[in-house]
Amino acid sequence: MVATLPSRLTLNLEAARVAAAAAEREKVDIRLHTIIYEIVDEMKKAMQGLLAPVFKEIYRGRAEIREVFRVSKVGTVAGCLVMDGNITRDSQMRIVRDNIVIHTGKVGSLRRFKDDVSEVRAGMECGITLDNFSDVKQGDVIEAFIMQKVVTEAA
């Protein structure tokens with residue numbers, strides 16, 4: 001007995017070759033799956049990559065400016081007392097004067113006595129310079145925070 005293939009199967013194979021050639025020409029990725037949940041997982045991952053990133057602010061600490069020093073070649077240095085939390089060199093800073101945010105920026109330098117430090121804890125004094133900002137006054141509050149990327153979940 002001789003088995004023959006239906007002519008419809010040959011047409012489907014030819015259509016698959018034409019589709020593959022068109023996909024290659026248009027730079028479209030074709031993936032074959034046999035399990036449906038693998039397709040769903042792959043689509044969720046692709047959608048998460050297309051979503052705009054969401055950032056969350058994480059509070060690090062707060063310092064009060066006790067004295068302002070003008071130093072040549074350095075600029076304005078805020079002599080601070082860390083009230084709570086900790087201040088780190090990689091933190092972003094928010095200057096608050098009379099409960100109004102007047103500037104948001106990055107730490108230029110963080111010093112304790114004459115040493116550069118990476119972190120100052122609550123109850124300690126330090127000197128802080130801010131990048132591109134020098135209008136600090138005695139009594140201002142510096143709030144330190146970091147922005148962390150939040151992974152978004154596709155529904």
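Visitor: Which residues does arginine 89 touch, not counting residues up to four places away in sequence, and what makes a pair a contact?

Guide: With neighbours up to four places away in sequence set aside, arginine 89 touches Val107, Leu110, Asp116, Val117 and Ser118. Each is called a contact because heavy atoms of the two residues come within 4.5 Å. For serine 118, 29 residues from arginine 89 in sequence, the C-alpha to C-alpha separation is 5.1 Å.

Visitor: What kind of model is this, and how are its residues numbered?

Guide: This is a predicted model, in which local features need pLDDT of at least 70 and side-chain atom pairs count only at pLDDT 80 or more, while totals for chains, interfaces and linings use all residues. Residues are numbered from 1 along each chain as its sequence is written, and side-chain values use heavy atoms, with hydrogens and water left out.

Visitor: Where is arginine 89 found, and why is arginine 89 called partly exposed?

Guide: Arginine 89 belongs to the loop between strand 2 and strand 3. A residue is buried under 20% relative accessible area, exposed over 50%, and partly exposed in between (1.4 Å probe, protein chains only). Arginine 89 has a relative accessible area of 35% and is therefore partly exposed.

Visitor: How many helices and strands are there in the protein, and what makes a run count as one?

Guide: The protein has two helices and eight strands, in the order α-α-β-β-β-β-β-β-β-β along the sequence. Both are DSSP runs numbered from the N terminus: a helix is a run of H or I with at least four residues, and a strand is a run of E with at least two.

Visitor: What is the relative accessibility of methionine 93, and which residues does methionine 93 touch?

Guide: Methionine 93 has its place in strand 3 and counts as buried because its relative accessibility is 1%. Beyond residues up to four places away in sequence, methionine 93 touches several residues, among them His103, Val107, Leu130 and Phe145. Its C-alpha atom is separated by 8.1 Å from that of leucine 130, which is 37 residues apart along the chain.

Visitor: How do you know the number of disulfides that the structure holds?

Guide: The structure holds zero disulfides. Cysteine 80 is in none, and its nearest cysteine sulfur, in cysteine 126, is 5.1 Å away. A disulfide is a pair of cysteine sulfur atoms within 2.5 Å, so the 5.1 Å between cysteine 126 and cysteine 80 is too far for a bond. Cysteine 80 counts as buried at 2% relative accessibility, and cysteine 126 counts as buried at 7%.

Visitor: What makes an open set of grid points a pocket, and what is the volume of the largest pocket?

Guide: On a 1 Å grid over the protein atoms alone, a pocket is an open set of points with protein on both sides within 12 Å along at least five of seven lines, and lining residues have an atom within 4 Å of a point. Points are joined across faces, edges and corners, and the volume is the space filled by probe spheres set on them. By this definition the largest pocket has a volume of about 310 Å³. Of its 16 lining residues, the closest to the centre are Phe69, Gly79, Arg111, Cys126 and Gly127. Strand 7 gives the most to the lining, with five residues.

Visitor: What makes a residue of this lining nonpolar, polar or charged?

Guide: Ala, Val, Leu, Ile, Met, Phe, Trp, Tyr, Cys and Pro count as nonpolar, Asp, Glu, Lys and Arg as charged, and the others, Gly among them, as polar. On that basis the lining of the largest pocket divides into eight nonpolar, four polar and four charged residues.

Visitor: What is the phi of lysine 73, and why does lysine 73 count as buried or exposed?

Guide: Lysine 73 is not a glycine, yet its phi is positive, about 70°. Most residues other than glycine have a negative phi. Lysine 73 lies in the loop between strand 1 and strand 2 and counts as exposed because its relative accessibility is 89%.

Methods
1 Å grid on protein atoms, 1.4 Å probe; cavity = no way out; pocket = protein on both sides within 12 Å on 5 of 7 lines; lining within 4 Å.
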